[in-house]
Amino acid sequence: MRVIGPDVAVFLFLAIGAIALFTFLSVATYAGTRQAEREAYYKAEMMKKIAETGGEHNPALEYLREQERIKAAKRLGGLKLGGLINTGIGLGLMIFLKALIPHAPIYLCGTIELFIGMALLVYAFWLAPERTA
């Protein structure tokens with residue numbers, strides 16, 4: 001009876017894991033692409049129906065403006081959330097490093113993350129372009 005050596009077992013484990021990972025990634029990408037195609041198709045059909053109804057003002061343009069406004073609000077909310085998370089991580093890292101190594105100024109590494117969070121918050125609250133349409 002043959003026994004597989006530990007080096008061959010590790011190689012087989014890593015090879016099977018890599019094959020499984022890339023197979024999963026390809027299937028997930030394919031499924032995501034199909035879903036995006038369906039969403040685009042249904043959106044185009046809905047826009048055609050809205051445009052056909054007509055009226056004194058164009059409801060299709062109003063719909064597109066509303067979708068753009070919602071997308072901008074989500075993006076701005078994401079920036080605010082990202083800024084808060086980065087600021088919290090920076091402060092937590094500073095506290096952790098100060099407790100870990102009290103006699104060295106290594107805790108100042110947390111200021112990098114803190115300043116990234118602050119920059120995101122400043123942009124989100126004061127510098128981001130306003131949507132007026």
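Modeller: Let's start at Arg69, which is partly exposed with a relative accessible area of 38%. On this scale, buried means under 20% relative accessible area, exposed means over 50%, and partly exposed lies in between (1.4 Å probe, protein chains only). Before going further, this is a predicted model: local features need pLDDT of at least 70, side-chain atom pairs count only at pLDDT 80 or more, and totals for chains, interfaces and linings use all residues. Residues are numbered from 1 along each chain as its sequence is written, and side-chain values use heavy atoms, with hydrogens and water left out.

The side chain of Arg69 meets that of Glu66 in a salt bridge, at 2.6 Å from N to O. The term stands for a side-chain nitrogen of Lys or Arg within 4 Å of a carboxyl oxygen of Asp or Glu. As background, side chains of opposite charge can pair when their charged atoms come close. Glu66 is also partly exposed, at 34% relative accessibility. Arg69 and Glu66 both belong to helix H2, which covers residues 59-100, and they sit 3 residues apart, about one turn of the helix. Helices here are DSSP runs (H or I, at least four residues), strands are E runs of at least two, and the numbering goes from the N terminus.

Because Glu68 and Lys71 are 3 residues apart in helix H2, about one helical turn separates them. Glu68 counts as partly exposed at 34%, while Lys71 is exposed at 53%.

How many salt bridges does a search of the whole structure find? The count is 3. Lys48 is partly exposed at 49%, and so is Glu45 at 27%.

Further along helix H2 comes Asn86, and there the setting is buried, with a relative accessible area of 17%. Leaving aside neighbours within four places in sequence, Asn86 is in contact (heavy atoms within 4.5 Å) with Glu113, Leu114, Ile116, Gly117 and Leu120.

Now for the whole. The chain has 3 helices and 0 strands, following the pattern α-α-α along the sequence. Its radius of gyration is 26 Å, well over the 14 Å that the globule rule gives for 133 residues, so the chain is more spread out than a compact globule. That radius is taken over C-alpha atoms, and the globule rule is 2.2 Å times the number of residues to the power 0.38. Along its principal axes, the C-alpha trace spans about 80 × 60 × 15 Å. Buried residues make up 13% of the 133 residues, and Asn86 is one of the buried ones. Among contacts between residues at least 6 apart in sequence, 54% join residues at least 24 apart.
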